[in-house]
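Q: Please take a close look at the aromatic residues of this predicted model. How are the rings paired, and where do they sit relative to the core and the surface?

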Amino acid sequence: MGCSEFRIQDYFDVENSTEGLKLAFIIADMWSCLFKREFPEYEFHIGIGYNDGDTTIRYHRYREKEGTILVEDDLDGYKSEAIAVIVVSS
C-alpha cells in the first residue's frame, strides 16, 4: 500500500499537543481539497494519529484490494494511540 506520512513536530514548531492536532486537521482539510480537485476519480484516506506527544498525519489512495490504513478488525490494538480517519471522495 502506497502511503505518505510525516510527524507534525518534525516540520513545525508546535508548543503543545493540542496545537499539533489542530495543525494536522488543517493540513488534512487542505489535502482533502487538493485530492478532490486533482484526483476526483479516486478515493483517499487521511489518517491523523496521536501517541506520546507526537502527531502523525498520513494519506493513501484507497484501493479495494488493499483496504484502509486503519485495521478495523483490531481497534483494540490502538489503545495507546488516538486515531482519526477522513475519507475523501468526490
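A: Phenylalanine 39 is partly exposed, its relative accessible area being 35%. Phenylalanine 44 has a relative accessibility of 6%, below the 20% limit, and therefore counts as buried. The rings of phenylalanine 39 and phenylalanine 44 form a tilted aromatic pair, with 5.9 Å between centres and 55° between planes.

In total, six aromatic pairs are counted. Another of these joins tryptophan 31 and tyrosine 59 in an edge-to-face arrangement, at 5.0 Å centre to centre and with 75° between the planes. Tryptophan 31 belongs to helix H2 and tyrosine 59 to strand S3 (residues 54-61), so this pair ties together parts that are 28 residues apart in sequence. Tryptophan 31 is buried at 17% relative accessible area, whereas tyrosine 59, at 25%, is partly exposed. Both pairs fall within one aromatic cluster, formed by Phe6, Tyr11, Trp31, Phe35, Phe39, Phe44 and Tyr59.

Beyond its neighbours within four places in sequence, isoleucine 57 is in contact with residues including Phe6, Ile8, Ile27, Trp31 and Ile46.

A further aromatic ring, that of tyrosine 42, has arginine 61 over its face, 3.8 Å from the ring centre.

Definitions and conventions
Residues are numbered from 1 along each chain as its sequence is written. This is a predicted model: local features need pLDDT of at least 70, side-chain atom pairs count only at pLDDT 80 or more; totals for chains, interfaces and linings use all residues. Side-chain values use heavy atoms; hydrogens and water are left out. Contact means heavy atoms within 4.5 Å. Rings of Phe, Tyr and Trp (its six-membered ring) pair if their centres lie within 6.5 Å; planes under 30 degrees apart count as stacked, over 60 as edge-to-face and the rest as tilted. Helices (H or I, at least four residues) and strands (E, at least two) are DSSP runs, numbered from the N terminus. Buried means under 20% relative accessible area, exposed over 50%, partly exposed in between (1.4 Å probe, protein chains only). A charge sits over a ring if NZ of Lys or CZ of Arg is within 6 Å of the ring centre and within 35 degrees of the ring normal.
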